[in-house]
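These are my notebook entries on a single protein model. I record what I looked up and what came back.

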Amino acid sequence: MSDAQIALDLTAIVAPVNRRLFGSFVEHLGRCVYDGIYEPTHPTANEDGFRLDVVDLVQELGSSTIRYPGGNFVSGYRWEDGVGPRSERPKRLDLAWHSLETNEVGLDEFARWCKLTGSELMMAVNLGTRGVLEALDVLEYANHPGGTALSDLRAANGSPEPYNVRMWCLGNEMDGPWQIGHMNAEDYGKLAARTASAMKMVDPKLELVVCGSSGSSMPTFGEWERVVLEHSYESVDYVSCHAYYQERKGDLGSFLASSLDMEYFIATVVTTADHVKNKLHSTKTVNLSFDEWNIWYLDEHNESGVITEGWPYAPRLLEDVYTVADAVVLGNLLITLLKNSDRVTSASLAQLVNVIAPIMTEPNGDAWRQTTFFPFAATSRLAKGEVIKPRITTAQYETDVYGPADLVDSVATFDRTSGTGAVFLVNRDQHESRTVEIDATALGATGILEALTLSDDDVYAKNTRDDQDRVGLVDNGSAGVVEGTITVTLPPVSWTALSFA
Ligand code: AHR
């Protein structure tokens with residue numbers, strides 16, 4: 001007898017697997033750039049100062065689009081500080097993170113790093129303390145082929161070829177009172193619309209992301225999106241969503257069901273965007289860029305009351321060390337993004353290195369994988385073809401925050417060309433293993449290619465500097481196929497990836 005049943009069929013296709021769902025985020029924050037991806041004195045550093053051991057891990061992670069340079073940082077940033085001879089670049093106060101910004105890494109270096117890692121560069125412009133003109137300037141510098149002041153400057157700085165950046169964020173979290181230059185929805189909506197129209201005069205094919213809410217608990221959530229989109233709808237292509245989750249007050253059950261909030265978030269923003277579309281009699285559809293999502297123990301950071309003394313260079317900020325439970329929730333959030341990939345057409349795990357990140361580094365030392373690295377990397381590697389929303393029959397459990405939640409959640413992908421499929425599953429049960437039967441007869445499943453599970457007797461086990469391989473994926477020997485039906489047993493609090501022929 002199985003504890004849960006899943007049916008897969010080709011009539012429930014959500015969308016083609018979109019590589020942009022596996023994006024990440026590099027912000028000038030703490031040790032993400034400096035002492036993270038960049039450390040010129042590290043034994044593996046290349047001529048730009050980038051650590052090649054980190055590059056290897058980024059490639060293994062399988063991240064696609066990388067959002068840059070912030071985040072809150074972008075609202076005080078002058079992009080031109082980061083180009084030209086390094087010795088002449090100014091040092092500045094970074095007000096967002098109370099740090100010293102040396103500008104050793106800027107757009108040209110980061111574009112080269114993206115090339116090195118095989119990533120697509122996604123840029124954010126500063127609409128907190130700057131406006132239309134500066135957005136046009138950085139666009140010209142980045143994308144114009146040549147023969148103008150700023151494109152020729154790029155060439156003179158060593159990059160004759162334009163970067164051809166397709167996705168641009170119109171500021172960052174402008175709804176948040178913490179944002180430098182924070183605005184109300186009316187003011188931001190008008191500024192975003194003016195900036196977007198001007199940028200599209202340069203290149204109508206740019207993909208522009210207008211700021212949505214920085215969380216579903218913001219008091220203006222929903223209304224912010226409506227007002228901003230009513231001003232900017234025709235000039236933008238995406239509205240952003242940001243969400244961070246954490247276990248609160250020992251309530252693991254609610255934490256494990258965090259993806260229910262993400263579902264609610266997506267449904268609300270889709271409904272609001274479509275409401276504006278219909279109200280304006282528009283024929284185009286604005287999709288969602290979930291360009292910040294992750295686990296973040298933000299309450300603890302806020303409560304710690306630590307005030308940064310002075311203006312340090314590359315301070316250790318937001319260096320959360322993730323547990324098995326955190327990785328299971330992250331894997332579940334990725335399942336949710338895939339299930340909604342008809343409307344969520346871009347996403348960025350925030351962030352990539354050291355700062356709430358799947359990859360950690362020590363100066364002059366190692367780089368290693370956090371627990372959260374594993375579900376992300378395996379999903380990015382195995383999800384191919386088209387996304388299938390499964391029909392799931394499972395028992396539920398009661399959570400304090402979300403009410404009833406399914407014990408098992410899942411999504412699948414199927415690649416008609418190679419005839420291979422993948423199923424991603426979580427078991428949110430804290431005590432019992434659950435055996436799941438997956439009816440994949442419609443897909444002609446004949447054999448298991450891989451079955452990988454992340455779980456541990458200690459759901460709070462972590463990978464640390466001194467114990468870097470404590471947690472990882474292990475083969476799940478229970479997986480098998482009989483006449484098109486796959487059976488697999490999921491340990492308590494676990495994430496599993498299956499691929500089948
Ligand atoms: O990712 C960390 C911070 O979280 C970002 O700078 C900001 O956009 C968000 O509040």
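**Entry 1. Domain contact**

I looked up the contact between the two domains and found that 41 residues of domain 1 touch 35 residues of domain 2, contact being heavy atoms within 4.5 Å. The chain is divided into domain 1 (4–9 + 388–500) and domain 2 (24–382), with bounds that come from an automatic or database domain assignment. I note that the model is predicted: local features need pLDDT of at least 70 and side-chain atom pairs count only at pLDDT 80 or more, while totals for chains, interfaces and linings use all residues. Residues are numbered from 1 along each chain as its sequence is written, and side-chain values use heavy atoms, with hydrogens and water left out.

Taken over C-alpha atoms, the centres of the two domains are separated by 30 Å. I then looked up the buried area, that is, the accessible area (1.4 Å probe) that two parts lose on being put together, summed over both. For domain 1 and domain 2 the value is about 3,200 Å², with 67% of it on carbon and sulfur atoms. On the domain 1 side, Tyr-402, Arg-428 and Trp-495 lose the most area to domain 2, together 18% of what that side buries.

How many salt bridges run between domain 1 and domain 2? I found three, a salt bridge being a side-chain nitrogen of Lys or Arg within 4 Å of a carboxyl oxygen of Asp or Glu. I also looked up the pair Glu-450 and Arg-381, whose side chains meet in a salt bridge at 2.9 Å, N to O.

For polar contacts I used pairs of N or O atoms within 3.5 Å; within protein, one must be able to donate a hydrogen and the other to accept it, and residues adjacent in sequence count only if both atoms are side-chain atoms. The interface has 15 residue pairs in polar contact, both residues at pLDDT 80 or more. Among the strands that each supply at least two residues of the domain 1 side touching domain 2, I list S19 (408–415), S22 (448–454) and S26 (494–500). Helices (H or I, at least four residues) and strands (E, at least two) are DSSP runs, numbered from the N terminus.

**Entry 2. Salt bridges elsewhere**

A search of the whole structure gave 30 salt bridges. I looked up several of them.

- Arg-51 and Asp-53 pair at 2.7 Å, N to O, and both residues are buried; buried means under 20% relative accessible area, exposed over 50%, partly exposed in between (1.4 Å probe, protein chains only).
- Arg-369 pairs with Glu-60, the closest N and O atoms being 2.9 Å apart. Arg-369 lies in strand S14 (367–369) and Glu-60 in helix H1 (52–61), so this pair ties together parts that are 309 residues apart in sequence. Arg-369 is partly exposed at 25% relative accessible area, and Glu-60 is partly exposed at 41%.
- Asp-409 pairs with Arg-428 at 3.6 Å between the closest N and O atoms. Asp-409 lies in strand S19 and Arg-428 in the loop between S20 and S21 (434–439), so the pair ties together parts 19 residues apart in sequence. Both Asp-409 and Arg-428 are buried.
- Arg-31, Arg-316, Glu-319, Glu-362, Arg-465 and Asp-466 are linked in a network of salt bridges.

**Entry 3. Helix H4**

Which residues of helix H4 (149–156) are buried? I found Leu-150, Ser-151 and Arg-154. Seen down the axis of H4, these buried residues fall within an arc of 105°, so they line one face of the helix; the arc is that of the directions from the helix axis to the C-beta atoms. They pack against helix H2 (107–117) and helix H3 (132–143). On the other side of H4, Ala-149 and Ala-156 are exposed. Gly-158, with a positive phi near 105°, follows H4.

**Entry 4. Backbone exceptions**

Most residues other than glycine have a negative phi, and most peptide bonds are trans. I looked up exceptions.

- Tyr-68 and Pro-69 are joined by a cis peptide bond, with omega about 5°. Pro-69 is in the loop between strand S4 (65–68) and strand S5 (92–94).
- Gly-70 and Gly-71 are also joined by a cis peptide bond, with omega about 20°, and Gly-71 is in the loop between S4 and S5.
- Glu-173 has a positive phi of about 40° and counts as buried at 8% relative accessibility.
- Glu-483 has a positive phi of about 45° and is exposed at 74% relative accessible area.
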